[in-house]
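Good morning, colleagues. Please look at the sequence and the structure on the screen.

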Amino acid sequence: MFTKWGKLMASKKPEQLRRAARTYCQAGERIAALQQLDHLIGLDAAGTEDWLLVGRLLCEIGEFAQALGAFENCLQCEPQHTEARYELGRALYKLGDADRGAKLIEQVAVETGELEIWMGLATIAPAVPGYNHARVRKIREKFAELVRQAEAPRRTSAQQKPNATTLPAFKGELGTHRLRLGYVSAHWHDANYMKPVWPLINAHDRDKFEITLFDDSQPRAEAWEWLAGDLKTESIEQLDNRQAAERIAAARVDVLVDLSAYSQPQRLGMFVHRPAPIQMAWFNMYATSGFTEFDYIIGDQLVLQTSEQWHYTERCLQLPLSYLTFQTNHTAPPIAERSREGQARFTFGCLGTVYKLNPEVISTWCEILRQAESANLVLAGRELKSLCNQQYVLDQFVRGDVAKERITFLPPAAHYDFLKHYDQIDVALDTFPYNGGTTTMEALWQGVPVLTFNGDRWVSRTSRSLLGHSHLPQFAVESREAYVRMAVSLASDAERRDELQGIRQSMREKLTVSNVCDSRMLARGLEDLYIQATFAGC
């Protein structure tokens, strides 16, 4: 029996439904637009562009698993549809199938030569299991080339040379002139994300360094409440890349450090305009940028291995401690005790994003769960609020011969409550090749050791860097096989479970006195690198 609404929709012609859907789209009413398109599909009148729009709208509301079907239907109508192949690639990546997703995106990038598509490919490249260092560099260099063409800066013949500068290099002595540092970020106001950065800024030696913070985020009333002491701040959020570069150049900084990297890839064009004599990348650049305009990239001895440095377009600098040395600057729940009862089930967990759960990760976790028969796994993340996305992930475990009852999806929550999910976890399983960064810091702070292994690239060693400079280096093992063995042992051995209880109870006390939480040491290490780079050409 038709409802009143159903009768109304049934009376509409396909073109009316199509127009209504697009009107709702323009108004930002995605659900209403999808309802119109659903009725169009019910009339068996959906065409290529209708299916494409359905897929895009589903992606915009986080329903990536449902979007796959829409894009595939679009491609059944038109197999070589450029946008549908690109959008399908993006949806696959969001669901963890990075290799298949990247293959589609790269095909479209090569065919079209479009900057936006190369930008998307360059952004995800380090996380694609099938890409090696050389492939990542080639993709990012291609993106950099397109950015230079788009920015088209007017340069003198002297400035055409790689790594040329538009400002005079620092020539003074550090005792008579403070080195001028500039930091650029779009995330200054995110306490959780900026765990390594806020303490660093406050620990800098203000007698030796004059610091300016360039803010590329939307203005907020409480913007700089975390700062200890007065620093110069400049907003560049409403400026285009050339204008932002001019604003930075006017501050006449000696060393400019980018903290956003490919979290804001549209901003990398700003560095093409050379607003500072020395330009560096730190914190969020965990592979080569591909831009010769970056003079240096900063990592540490565990993530940025000497034998791999020829794959970088930048000169590589290594800190003697973790490049992600951090302090927790936000309110976090107390560490909860785990049950000591023998019958309590051991629980692995991962609260990372779904796009890190590639097929090899899930296959490896299935192997662990098959061997550790008493263990469960809990997962949580923004994308997993969708029941369809949950099912997409769950189906992979079932195909890996793991009963669905052993996988639990925890609900989305505000950050403080989200951190309470660690109350249910004994050991966090790291993802690979895209490790946790912030996720690893959070797990440790909540008393949960993170199990990881030594990967084949920077981004697969970030957890190793954090653990290696903490009191928990034993949780960074050498191979995937050792990762499986240790996980099974932790879940199955009663003595090791008792050991985990002790680690949990003393975690914050030991972290805070370890190098991985020594922000003053990080500040001194970075300052030494800034001075070294500044005087390198003198």
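Which side chains meet in a salt bridge with an N to O distance of 3.0 Å? They are those of Arg 18 and Glu 15; a salt bridge here is a side-chain nitrogen of Lys or Arg within 4 Å of a carboxyl oxygen of Asp or Glu.

Before continuing, I note that this is a predicted model, in which local features need pLDDT of at least 70, side-chain atom pairs count only at pLDDT 80 or more, and totals for chains, interfaces and linings use all residues. Residues are numbered from 1 along each chain as its sequence is written, and side-chain values use heavy atoms, with hydrogens and water left out.

Arg 18 and Glu 15 are 3 residues apart in helix 2, residues 14–26, and therefore about one helical turn from each other. Helices are DSSP runs of H or I of at least four residues, strands are runs of E of at least two, and both are numbered from the N terminus. Arg 18 is buried at 18% relative accessibility, whereas Glu 15, at 40%, is partly exposed; buried means under 20% relative accessible area, exposed over 50%, and partly exposed in between, with a 1.4 Å probe and protein chains only.

A second salt bridge joins Arg 267 and Asp 216, at 2.9 Å from N to O. Arg 267 lies in the loop between strand 4 (255–258) and helix 12 (269–272), and Asp 216 in the loop between strand 2 (209–215) and strand 3 (232–235), so the pair ties together parts 51 residues apart in sequence. Arg 267 is buried at 9%, and Asp 216 is buried at 8%.
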